[in-house]
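Good morning, and thank you for coming. Please look at the sequence and the model on the screen while I go through a few of the helices and strands.

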Amino acid sequence: MSIADTRYTLNTGAEIPALGFGTWQGAPGQLKEAVYHALKSGYRHIDTAQNYGNEEEVGEGIARAIAEGVVTRSEIFVTTKLWSTYHTRAELALNQSLKRLGLDYVDLYLMHWPLAMNPNGNHDLFPKLPDGSRDLVRDHSHVTTWKALEDLIAKVPEKVKAIGVSNYSKRYLEELLPQVTIVPAVNQIENHPALPQQEIVDLCKEKGILITAYSPLGSTGSPLFSAEAIVTVAERKGVSPAIVLLSWHLARGSSVLAKSVTPSRIEENRKLVKLDQEDVDLIKKYSDDLGAKKAFQRYVYPPFGIDFGFPDKS
C-alpha cells in the first residue's frame, strides 16, 4: 500500500483516507473533470463546502466516476460543511448540499466556522452591514449550532455519518467540549510548518479528534517552498517541496487536503513519502524558529478573523 492510501480511524469507528482532494477555489468549469480525475488517480476523500459554490460540479465528477465503474459510493469519503448563515437551519442546509451533490448521504458534515451570520441578511451566504463588515449574529452560540448537528445524527443518521468542526481554536474547542453529547470527529484547520497551531493539534489528539489540514502548502508563492529545512528534506527524499509539505501532515498523524485542477499535479500530489524522525525534527526546528520570531503566517484570514482571536495574520 502506498503512503497516499493511508487511512485513519475516526472516533466514530469509520475510516477516513488521510489524503483528501480539496476543492476550495477550484476553477468553475474545470472542477467536475478534476474530481473525476482525482478519483481515477486513486483519491478516495473529496472535500467541499456549502459556501464554495461548487457542490454541484463536485457531485457531477463523483457521479461520472461511479457511472464509469471507477469507484462505488461506499469507497468514497465525502465531506461538506455548514455555512455560517445556516447555523439555525442545519437540516435545510444539509438537504440542500445533498441535492447539489446528488448524494444520499455525506460521510462527514462540518461546522465551517464557529460564528453565525445573519440568516435574513442582504446575501444568502455573505451578508454585510452598511459599513461593509460581515453581518454577524454575536448572540448565537456555536454550542447551539453543534447541538443542531448532534440532532442531525439522531434524526437523519442515514444522511450524515459523522459530524465535526472547522477553524476551531483551542479557546472555542474548550468552550464546546464540556457541553457535547458527541465529540467532533474532525477539526479542519489551516495547518503547515509556518502555522503549526501546536496547541490545538495537541488538544485534538488528546480528545480523539482528527486534524485535517487545509492550505498545507501555504499559498501561491509561499516561502515554504524555498525554506531551507523543506528544501533540504526534499533533496534528501528526491521529491518536490510540495510533496514534503503534504507528507509532513501524515508524519504528524493528521489528514491533509491537496488541491489542484491540473491532471499532472493531481497525480503528483499522491506521491507522498515517509518522513524520518530526522526530517520531522528539522521541520520542527524551522517552525520553532518562526515561533520564536513571532513570524508564523496565516494565509486564510476572514474579515471576521478578530472574532476568532486572530489579532493579526500570525
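Helix H3 lies across strands E5 and E6, running at about 135° to E5. Axes here are lines fitted to C-alpha atoms, for helices over the stretch in contact, and angles run from 0 to 180 degrees between N-to-C directions. Helices (H or I, at least four residues) and strands (E, at least two) are DSSP runs, numbered from the N terminus.

Before I continue, a word on the source: this is a predicted model, in which local features need pLDDT of at least 70, side-chain atom pairs count only at pLDDT 80 or more, and totals for chains, interfaces and linings use all residues. Residues are numbered from 1 along each chain as its sequence is written, and side-chain values use heavy atoms, with hydrogens and water left out.

Let us stay with H3. The end C-alpha atoms of this helix, residues 90-101, are 16 Å apart, which agrees with the 16 Å that its 12 residues should span at 1.5 Å a residue. The expected span is 1.5 Å times one less than the number of residues in the helix. Which residues of H3 are buried? They are Ala90, Ala93, Leu94, Ser97, Leu98 and Leu101. Buried means under 20% relative accessible area, exposed over 50%, and partly exposed in between, with a 1.4 Å probe and protein chains only. Seen down the axis of H3, the buried residues fall within an arc of 135°, so they line one face of the helix; the arc is that of the directions from the helix axis to the C-beta atoms. What do they pack against? Their partners are helix H2 (55-67), strand E5 (77-82), strand E6 (108-111) and helix H4 (142-155), where contact means heavy atoms within 4.5 Å. Just after H3, glycine 102 has a positive phi of about 70°.

His142, Val143, Thr145, Trp146, Leu149, Glu150 and Leu152 are the buried residues of H4. Down the axis of H4 they fall within an arc of 160°, so they too line one face of their helix. Ala154 and Lys155, on the other side of H4, are exposed. The buried residues of H4 pack against E5, H3, E6, E9 and H5. H4 lies across E5, E6 and E9, and runs at about 155° to E9.

In H2, buried residues include Glu55, Val58 and Ile62. Among the elements that cover the buried residues of H2 are helix H1 (31-41) and strand E4. Just after H2, glycine 69 has a positive phi of about 80°.

I now turn to the strands. A closed barrel of eight strands runs E3-E4-E5-E6-E9-E10-E11-E12, with parallel pairing; two strands pair if DSSP finds at least two bridges between them. On average, neighbouring strands of this sheet are turned by 30° against each other, direction ignored. Strand E4 (residues 45-47) is joined to E5 by three bridges, and the two run parallel. Isoleucine 46 has valine 78 in E5 as its bridge partner.

Next is strand E9, residues 163-166. Are its faces covered or open? Both are covered, with Ile163 and Val165 buried on one side and Gly164 and Ser166 buried on the other. In a regular strand the side chains alternate between the two faces of the sheet. E9 is joined to E6 by three bridges, and these strands run parallel. Glycine 164 in E9 stands opposite leucine 110. Two bridges join E9 to strand E10 (residues 186-190), again in parallel, and valine 165 has asparagine 187 in E10 as its bridge partner. From E9 the chain crosses through helix H5 (residues 170-176) to E10, and this β-α-β crossover is right-handed. Right-handed means that, with the strands pointing away from the viewer, the path from the first strand over the helix to the second runs clockwise.

Finally, helix H10, residues 277-292, holds serine 287. Serine 287 is buried, with a relative accessible area of 4%. Beyond its neighbours within four places in sequence, serine 287 is in contact with Pro193, Pro196 and Phe296. Glycine 291 also has its place in H10, but glycine 291 is partly exposed, with a relative accessible area of 27%.
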